[in-house]
Amino acid sequence: MRERRLSAGWSQDELAERSGVSARSISALEAGGRRPRMSSVIRLAGALGVDPDTRAQWLTAARDTDARQPAEPDGADGPGGSDGSDRPDAPVAALDGSPAVAAKLPSGPSGPSGPSGPSGPQQLPMAIRHFTGRTRELQLLDELLVDVTPGCGAVVISAIAGTAGVGKTTLAVHFAHRVADRFPDGQLFANLRGFDPARAPVDAADVARGFLDALGVPALRVPADPDGQLALLRSRLAGTRTLIVLDNVREAEQVRPLLPGSNTCLVVVTSRNRLPGLVALDGAVPLALDVLSPAEARELLARRLGAATVAEQQDAADELTELCARLPLALNIAAARAADHPGTPLEVWARELRDSRARLDLLSAGDSHADVRVVLSWSYRALTPQAARLFRLLGLHPGPTISTAAAASLAGRPLSETRALLEELHRAHLITAPERDRYTFHDLLRAYAAEQAAALEPPQGQAAATRRMLDHYLHTAHRAACLAYADDASWHSLDLAEPATGVTPEGLGDRRQALDWYREEQPVLERIVDSAHRTGADVHAWQLVGAQVPYLLKSGLWQQWQRASETALAAAERTGDLGHQAHAHRWLGQVHRSQGRQPEAQRELRLALGLFDALGDRPREGRTRLDLAIAHGEEHSDAEAVAESRRALELFEAIGDPSGQALALNSIGWYLAQQGKLREALPQCQRALDLARDAGNLPGQSSIWDSIGFIHHRLGEYHEALPAYHESLRLRVAVGDYFLQADIHTHLGDTHLALGDVEAARAAWIRSLAILEDLQHRDADAVRARLNSHPAPEPPRRTP
């Protein structure tokens, strides 16, 4: 014992404080010739953290000590004197280290098991052989052990919460087995059945009676009333080092009476609910358990199916883990099915699970505890009726996330009421909140919610909820476009019908909020457009794309823009609306042009031009001609670009469109400059700037300043070019024109280089390259070449 204490770097007083055995007794025992009390051995072994084998040796040695030796002095177990263990009727620790029980316990199953038996009750279930990952969570749990020492003032509690099938019990049991030797007075386990549909939750008093029996308390000494039973349990646990696992808890009130008063115990609670009351009032440390990481999920499959199998079929294995939402229960069921058919490629199992309608059927092992649908249903059935309905309706939303306002529209409920229902679902771990006022759930929960909606919501109710959802996004997107692009002549407000009753669009107030909303909702809007088209809501589908196009164009989201435009064209063709078809062809032409596919761009743009001409839509016809001019310019056909721009100018002058005239004049000036006709080009752009200012067209002004800067640069007037470029950049930042900011940075860099400032040139090119690489744009190579051709100057050498 002395060697252990010195190895830990403790004085006898420090060991006394940690163990509860007096320093006087420790000094006498280390000097030799004193017979220790068994309770002292147990406490000293626990404080020093000795392994079970060493502890058993100490207990045997203490038992075999010659009884004629003097006993350790009184006052052994406390700083102020005897702990009363010399009294004939006082509780003493059993020889094997089990919790304090009556001194005159009867022999038999409920009494101490003797020196060769286990050290206290060991009720932990079998640990899972295929336990995988959870390194971060285990580290957080390990950190709690630091607080399980005398003097910390309160019992240490960990509340592990997570959705059904995420592995809460598995983690708790695995951790408990890992640290069992730190709790020599026993490990207690109880399933409180908080979500079992076949049985009511277990009462705290019932758990207490079971624990008292495991602790060896005779039935005759157990009080008849529940409060007395709970009080006796706390008394028996006082001063012991006991680990208690309370599994499957429904609410804090179910476990609060079971919490020991001893600060040497550790309580681990698992629940599908978050148990905020246990955290707030009882000091529990919350540990939210999410699905496995991709690496952990792959490791789980490797342990179940063999590392070689998973490595040889890595793509199929990765798809399988994602189709199982990386939910441990689902992964284990899928792995069990695959293990039963070792010759079947994993691709076969992945292909079966791709059908979301059949996925829950396939993820069942024929046991209610090994059936994803059944296990999820236990959480769902515990909801209030209003929250259960909202959960079902969330299954109609395509994801990946939903805001509180969108959920309110989907349900047709007030915002405040919806927020409370979402919090109920969040507490039940049926949804997660990756950020404030935004929720999501994994694909298996989404499939289960959709299944419940199909079974319990009438068709007209589902259709009405879907309509409210589409209206929410359409009217909010239209509001965002009106705020962000009101001064953009290329954007024209859509003619929308009134939103359905119960729809609460987002309350956007300015351009910044509008652009933030676009960025946040862009992944959702992609899915909403597809959902609208798939369900036959073609007008909504086209309008949703129309409300997004200016953002997609100016943000350089080419792939998203192309997919949305293709969906818009398909929707327009299905409805037979020629105007909508014309717009969709123009959008596709623009995205092809931006991606360098000029033949495809010209084909789509000429289709659009023909339709706008047939419909008599002169403003769109003129703007489509400007798009064609840019396509010509991309092919270095500058004369054709000027000619197309002049035709557009004639159209805009005929209909009295000053913004259109400004854009056409700027286009003429730009392509004249490309031909080297700089003195002829500059007046065109200056006249365009006056018209754009009068029309309040900020994006137009930004483009014109860029042209003016370019012309001054080509004329060698670099000091006049710089302020023009800076003004263009300021305006493009103001209107959120992300992609075209790269152009300005490139031009600024070229001008700085012409002035001999390589450092400033490189700084501007680096900013341009960052945008182009972010957008994966083809122009990045040209900017990268500039940087490579003009490396950063070496710093001056320091003199010795």
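Biologist: Are Arg-625 and Glu-644 buried or exposed in this structure?

Modeller: In this predicted model, Arg-625 is buried, and Glu-644 is buried as well. Buried means a relative accessible area under 20%.

Biologist: What makes the pair Arg-625 and Glu-644 a salt bridge?

Modeller: Their side chains meet at 2.6 Å, N to O. The cut-off is 4 Å between a side-chain nitrogen of Lys or Arg and a carboxyl oxygen of Asp or Glu. The 2.6 Å pair is therefore called a salt bridge.

Biologist: How many salt bridges does a search of the whole structure find?

Modeller: The search finds 43.

Biologist: Why is Asp-471 called buried?

Modeller: Its relative accessibility is 2%, and the limit for buried is under 20%. Asp-471 therefore counts as buried.

Biologist: What is the salt-bridge partner of Asp-471, and how is that partner classed?

Modeller: The side chain of Asp-471 meets that of Arg-467 in a salt bridge, at 2.9 Å from N to O. Arg-467 has 35% relative accessibility, so it counts as partly exposed.

Biologist: Why are Glu-417 and Arg-413 called partly exposed?

Modeller: Partly exposed lies between the limits for buried, under 20%, and exposed, over 50%. Glu-417 has a relative accessible area of 28%, and Arg-413 is at 32%. Both values therefore fall in the partly exposed range. The side chains of Glu-417 and Arg-413 meet in a salt bridge as well, at 3.4 Å from N to O.

Biologist: Which residues touch the most other members of the largest nonpolar core?

Modeller: They are Val-372, Leu-383, Phe-391, Leu-394, Leu-425 and Tyr-473, in a core of 140 residues. Helix H23 (residues 459-484) gives the most to this core, with 10 residues. Apart from it lies another core, of 36 residues, including Ala-662, Leu-689, Ala-692 and Leu-748.

Biologist: What does Val-372 touch, leaving out residues up to four places away in sequence?

Modeller: With those left out, Val-372 touches Leu-329, Ala-330, Ile-333, Leu-360, Leu-363 and Leu-444. A contact here requires heavy atoms within 4.5 Å.

Conventions
Residues are numbered from 1 along each chain as its sequence is written. This is a predicted model: local features need pLDDT of at least 70, side-chain atom pairs count only at pLDDT 80 or more; totals for chains, interfaces and linings use all residues. Side-chain values use heavy atoms; hydrogens and water are left out. A nonpolar core is a set of buried Ala, Val, Leu, Ile, Met, Phe, Trp, Tyr and Cys residues joined through side-chain atoms within 4.5 Å. Buried means under 20% relative accessible area, exposed over 50%, partly exposed in between (1.4 Å probe, protein chains only). Helices (H or I, at least four residues) and strands (E, at least two) are DSSP runs, numbered from the N terminus.
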